[in-house]
Each structure stands twice: as C-alpha cells, then as structure tokens.
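Here is a short briefing to read alongside the model on your screen. Have the viewer ready, and we will go from one residue out to the whole chains.

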Amino acid sequence: MCFAPDVCDIVPVAKMASRFVNYLSPQQEAELADIARRLVAPGKGILAADESISTCGKRLQEINVENSEDNRRRYRELLFSCEDAMAEHVSGVILFDETARQYDSFGTPFVKCLERKGIIPGIKVDKGVVPLAGTHGESTTTGLDGLKERCDEYKSMGIHFAKWRCVLKISKFTPSYLAMLENANVLARYASICQQSGLVPIVEPEVLPDGDHDLETARRITEEVLAFQYKALADHHVFLEGTLLKPNMVTAGQSYQGRYNSPEDNAMATVQALYRTVPAAVAGVVFLSGGQGEESATINLNAINKVPLRRPWPLTFSFGRALQASVLQAWQGKDENRKHAHDELLKRVKANGLAAQGKYQGGLEGMAAGKSLFVKDHAY
Amino acid sequence: MASSSSRFQQYLSPEKEDELRKIANTIVSKRRGILAADESVATIGKRFDTIGLTNTEENRRKYRELLFSTDNSIADSISGVILFDETFRQSASDGTPFVKVLQNKGIIPGIKVDKGVVPLAGTLNECTTQGLDGLSERCAEYKKGGCGFAKWRCVLKISDHTPSYQAMIENANVLARYASICQQNGLVPIVEPEVLPDGTHDLQTAQRVTEEVLAFQYKALADHHVFLEGTLLKPNMVTAGQSCTKKYTSQDIARATVEALNRTVPPAVAGITFLSGGQSEEDATLNLNAINQYPGRKPWPLTFSYGRALQASVIKAWGGKDANIKAAQEELLKRARANGAAAVGEYQGGAAGAAGGQSLFVANHSY
C-alpha cells in the first residue's frame, strides 16, 4: 500500500524516525474517550436493538407479527418514540444497518430521532459467525473487509459507536487456544479500525451459557478469554480509554444440575473475572444479558454493583432481550398498545439504571419478568 | 472431589490464597513501603567504595545491622525489607537473626531469589534472568526461615530494536514461572520487569515500551494461573532516557506512569511498589508523590520499593564509622517517612538528606 505524499506531510519528520507511530491524535483520543464516558454515565446503559433481520423475525413471530421491513421499522419506531424520560437511563442504542437507514412516520431518520433525545446512536458492524475449520464447532466472526469505509459512512451519518460480537463455547475441549486467539485478534482488528474512524468500539467476546459446567469453570474460562482479549488489544495499540467491554456475566451453564448459585455468587465470580483481566483504563463494562430473564438480568447487575472488590470501571447494561421482552408482549404489533409498551420499556430501563448503581430494590417487574430468554447456541 | 473431573485444577487452596493476600496487603498498607536491602556482594561493594570501606562479610553484616536496628518507628513507614541470601543467614551482634530482628519490629522479611541475568543468544545484548532450578526447595527454606515474600528482577533495555519480542516474551515467562513457584510455597512474589532508563529516548517511547512489556507480563501471569491478589508489581516509573535532551516534570512522569499502569495492570494486583532506578533520593520521593496525586484511575496502592533512593544518604552519613550509626539511622527514618507520605500523595518536601539531590544512575545497572 502506497502512502500519498500529503499523508507523509501530516507526520512530522522527527516522528518518522521513532519506532512508535502515533495511533490517534490527542483530539481523536479525547473524542473517543468522551463518547465512551457518556455511554457509561452514572445510571445509564445501552439498549441493544441491533437484531438482524432473521433474529428480529423470531421476536416478531412470538407475537404473531409478520417479519416485513415495515414491521421491523414500526417496532423500532415504537422503541425510539418512547418518552424523553427514557434518555435518563439509556445513553445509547445499537442499531442494525437496515434500521440506521430507516425513518420514523414523520420522515425523520432514526439516527436523528435518537440524537434529539440525547441518545447516542451505535451500529452493529460484524457480519456474523463462520466456522473455524479443525475445531469442535467453534467459530470466528467476519466483517473486516471494507470495514474502514463502512465505519466512515456510519460516522458521517451521526453514529458514534460500534459493536462486534464474537462467540466462545464451553465444552470438554473448548474454547480452544485457536478460538481464543483468533476471536481476540479479530476483535482487536475491528476495534483498531473503528477508532481510526472515530467510532468507540464495544468489544464483545461472549462466552455462551450453553452447557452443564459449574460456576468455577465459567469463571476460569471467562478469565482466560479476557486475558487473550486484552493482550490482543495491547498488541494492536487499541486506545483502551476509548473502548467498552461487553462481556457475559459469569454464571454456571444453562443445564448445570448442581448447587444453586445466588445472584451474589454469580456477581462475585463475574467481578473476580473482570478485575483479574480488565485494565482500569477501559472506559466501562456493559454486560450482555444472554438468556437471562428481564428481572434476573437486573438483579444480577445490581448484585455486581455491590461486590466488595475493586471495580474501577462503571458496570452497566447493554441489554437486548432483557429490555424488550415485556415491550414486545405489551405491544403485540398493535398501535393502540403503544403507551403500554412504552411503560414497559421505561420500567425496565429505570430498573436497570438503578441496578447499574447498586440501588435496585425490586418492584419493577414487567409482563415477561420471570421468563427465561435462553436460546440455544444463540447467533444473530 | 468434584474438581478432579473438572478441566481446571485448583492452583491454591482458599487458605493459601488468604495467606498470600494478607501478606501482600500488609506490605502495601497505607504510608508504608519496602526497603530493598538485597544488594549482591558485588553491588554492595560498589556502595562501600564510595565511602572507602572494604567489602568484607563483617562490614556487610554491620551495615545491615545499622539499617535493621533503627528505631522501631521505622516500621510505620517500612512494611518489608528485601534481603540477599547471605543477609538472611546473618545475625545482629547480640546473636538475634536479622529475620527475627525485623519480625520483632513488625516488618516482613523478603528475599531475592533470582541468580542474576544471562545473555539471550541472537539478540542485541538482551538478557533473561536465571534461578528457576531448585527454586521450590529454596522458597520452602526461606518461608520456613521467616520470609513472607520474594523478589526476582528481569531487565529490558530500550534501543532502536529492543526490547525485542523474544526478550519480552522470555522475561515475562520466567517471571511467571518464578511467581507460580513462590505462591506454591507461601511466598508473595514481587514481579519486577524493569525497563532500564539508559538511552536517549523520549518519555512517550518509554511509556509505549513499558506498556508493551507489562502487557506481555500480565498475559504470562494469566497463562501460568498466578493468583494476582497475592502478587506485587515492581515496575520502573515511566521516565525519558537518562541521556534524553528533553526535560520532563514530575507531573509528566506521573501521567505517563499512571497511564501505562492503568492500561495494563489488572485491578486485582494487590499493589505496586516502584523501583527507584537511577533517580536521586529526592526525585524518587517527588515522583512517587506526583504519581499519587495524579487524577487518573489508580485501583491499587502505589508505593515504594527503594534501594539506592533510601540508602544513599544513610551510607554517606555512616562513612563506615560506629560513631555515625545514629546519624545514619536518622537519615533512613527521614527518607522512609518522606516516601511514606509520598505513597499517599502528602509529601510536602524538605526532607533532603546528605545525598538528596545526587543522581544515583549507574549505566546498564545489574546487581
């Protein structure tokens, strides 16, 4: 690749002689750090509304709504037209590409609707998982090709953060060294490209809850995965202050048959895994909800924020299913249910906003509160 | 036991974890740090040269007795002392083993366990550190003899092409092996991957290299299952090269140091005990103070593990003469208190001693 002469002019001659090249300018660093900080502001978290077409289809099917582009548009319009009070607890929303290009019924782009509410728009940029040959059903994630150009376009549309999900599975022989190394590396490449385009990368190395392993095993594996992750980010010079981590909470496997683990047990295991691997410089940790029910996810987040261990980063939410289950049930695809659906959404974001500060006292359970939202071997 | 069918082996029992955690936390308790008195025979000889004292075993014993018989209030500022093997086996004039003298003061004895640097073939003068052979047995003996922690120093150098990938991965690995063996024997390992200050490089370069070295270090510790809550890190502060023409303030150093650490060192690490390198006594204190005042995330205690920067004035004041012992001990108390205050960002200055401003830089320093 040849650098055009004007690119060389930007880099002062003295710096060319140094072994280290500036990864980002101070202005770029400041912008990324500011966006990241705002995404994890006290009492706030992220609404993950980036379901792919097929995954969104599954949600709509549960309430007997046809998976058409307009229905997907109507559903997201429902979410984004919630009262402004929503912005007290929602700092950002992750969109899918289709949604980022859609408009509400008044012709306002969704990206603008969110901006007006003071909510930062984000975008899923990965292109899904693909198999790793020679492994026991393990995967990596694609989407690096042309990623720089796509990120530049999203930034020009008013989007300021991105998300990319990798998946690791626990079984007798997995995650393997290859899966951990490869997924950590592809996430680091993605993060590097995002930052060059002014997007804060959310780094998501999800360890799936599928399996019958115990809590201790889940914790050991999460630690291993995160150690690979932060070594890769260091190797790729990623500016940690301008990133977020989106990890799984540490829990025993979905089919685990042994002793009951309380939210406090899960919380302790989770914070132990994080504080042994995640540098303090990382702007914040935004948990995925995995297959947890709405209320469980909130209670677990609350317990995490009360663990008496060093927690130098904000610990908040980036929930999809655990913020939308009751909303969907209340909506049923019908306009006359909009207010009810909005109430459900406000209830859940408020509950999670409190949990992100360790202040949740219960009493905000929604229509789908107790329902497990576990989907086996979940892909988008 | 359920865990025998698990893929993961237990590395330490809960009781052993608790013991290590307790020792580590005590070492970095508020306003306290470590006196590194583990100079090898050759290195202490260099110190004695400056006061014209012969390097005999008895002189080495007398000097350490001077240090360890300082007034009991020294323990308000000194939580641990790192010993050399010879000193571990020596006693005060009244026959009390030095280990006991320290314990009686409420100071935890520690021990240097590495056996010095050796060259890495095929590199540009880079090295690794040896000492793993029989280390477990030696650690068991030191633990039995009253030590609570150990220390092992690796050395990395900055030049155009160093530290190399090989040097970083090898030194990180050998430190992780050492740490694992220590913990199995109930000793808290101080992990010291020193990036030397020699060179003309600027502060930014020093920071980038330190970050790289520490990233390798914590990946290696994770791979070896080391219990981070029962370890301490002994890093260099991030400073420009000794021969760099650009000058930087304590605040510059503090910012570069805290940034490097909070980008690489997990919050679980019990504490950070800086080495002083070639810094003068006063600079080492001022910089530690600035580090503790810097407004960044600092989830671990940040304190000192100083050798030269605690002893330069002591040696000068002593001059090898019994009549000067009290005065020399006063110097130690002064510097220890100053650094104790700096460890909580409360140093007000004015503790300059007999060797206060003198740079203690030794080119390409090894023990």
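In which helix of chain B does B:Q207 lie? B:Q207 belongs to helix α8, residues 203-223 of chain B; helices (H or I, at least four residues) and strands (E, at least two) are DSSP runs, numbered from the N terminus. This is a predicted model, in which local features need pLDDT of at least 70 and side-chain atom pairs count only at pLDDT 80 or more, while totals for chains, interfaces and linings use all residues. Residues are numbered from 1 along each chain as its sequence is written, chains are lettered from A and ligands numbered from 1 in the order in which they are written, and side-chain values use heavy atoms, with hydrogens and water left out.

- B:Q207 is buried because its relative accessible area is 10%; buried means under 20% relative accessible area, exposed over 50%, and partly exposed in between (1.4 Å probe, protein chains only).
- Leaving aside neighbours within four places in sequence, B:Q207 is in contact with B:V238, B:A256, B:E259, B:A260 and B:R263, where contact means heavy atoms within 4.5 Å.
- B:Q204 also lies in α8 of chain B, but it counts as partly exposed, at 40% relative accessibility.
- The C-alpha atoms of B:Q204 and B:G134 are separated by 40 Å, and the two residues are 70 apart along the chain.
- B:Q217 is another residue of α8 in chain B, and it is buried, with a relative accessible area of 1%.
- Not counting residues up to four places away in sequence, B:Q217 touches B:N171, B:A172, B:L175, B:A176, B:V191 and B:P193.

**The barrel of chain B**

- Eight strands of chain B close into a barrel with parallel pairing, in the order β1-β2-β3-β6-β7-β8-β9-β10; two strands pair if DSSP finds at least two bridges between them.
- Within chain B, strand β2 (residues 78-83) runs parallel to strand β3 (residues 108-112), and four bridges join them.
- On that pair, B:I82 stands opposite B:G110 in β3 of chain B.
- Helix α7 (residues 165-184) of chain B packs on the sheet and touches β6 (149-156) and β7 (188-195) of chain B, its direction making about 175° with that of β6. Axes here are lines fitted to C-alpha atoms, for helices over the stretch in contact, and angles run from 0 to 180 degrees between N-to-C directions.

- Strand β2 (residues 90-95) of chain A is mostly covered, with six of its six residues buried.
- Four bridges join β1 of chain A to β2 of chain A, and these strands run parallel; A:A48 has A:I94 in β2 as its bridge partner.
- Chain A's β2 is also joined by four bridges to strand β3 (residues 120-124), again parallel, and A:V93 stands opposite A:P121 in β3.
- Why is helix α13 (residues 321-331) of chain A largely enclosed by the rest of the structure? Ten of its eleven residues are buried, including A:L323, A:V327 and A:W331.
- The buried residues of α13 in chain A pack against β1 (45-48), α4 (53-62), α5 (69-80), α12 (294-304), β10 (315-319) and α14 (338-355) of chain A.

**The chains as a whole**

- Chain A has 14 helices and ten strands, and 61% of its 380 residues count as buried.
- Chain B has twelve helices and ten strands. Its radius of gyration is 19 Å, close to the 21 Å that the rule gives for 367 residues, so chain B is as compact as a globular protein of that length.

**Confidence**

- Chain A has a mean pLDDT of 93, and 94% of its residues reach 70 or more; pLDDT is the predictor's confidence in each residue, from 0 to 100.
- Over residues 1-16 of chain A, pLDDT stays under 50, and the model has five contacts for them beyond four places in sequence.
- Where pLDDT is low, the predicted coordinates should not be read in detail.

Conventions
Rg over C-alpha atoms; globule rule 2.2 N^0.38 Å.
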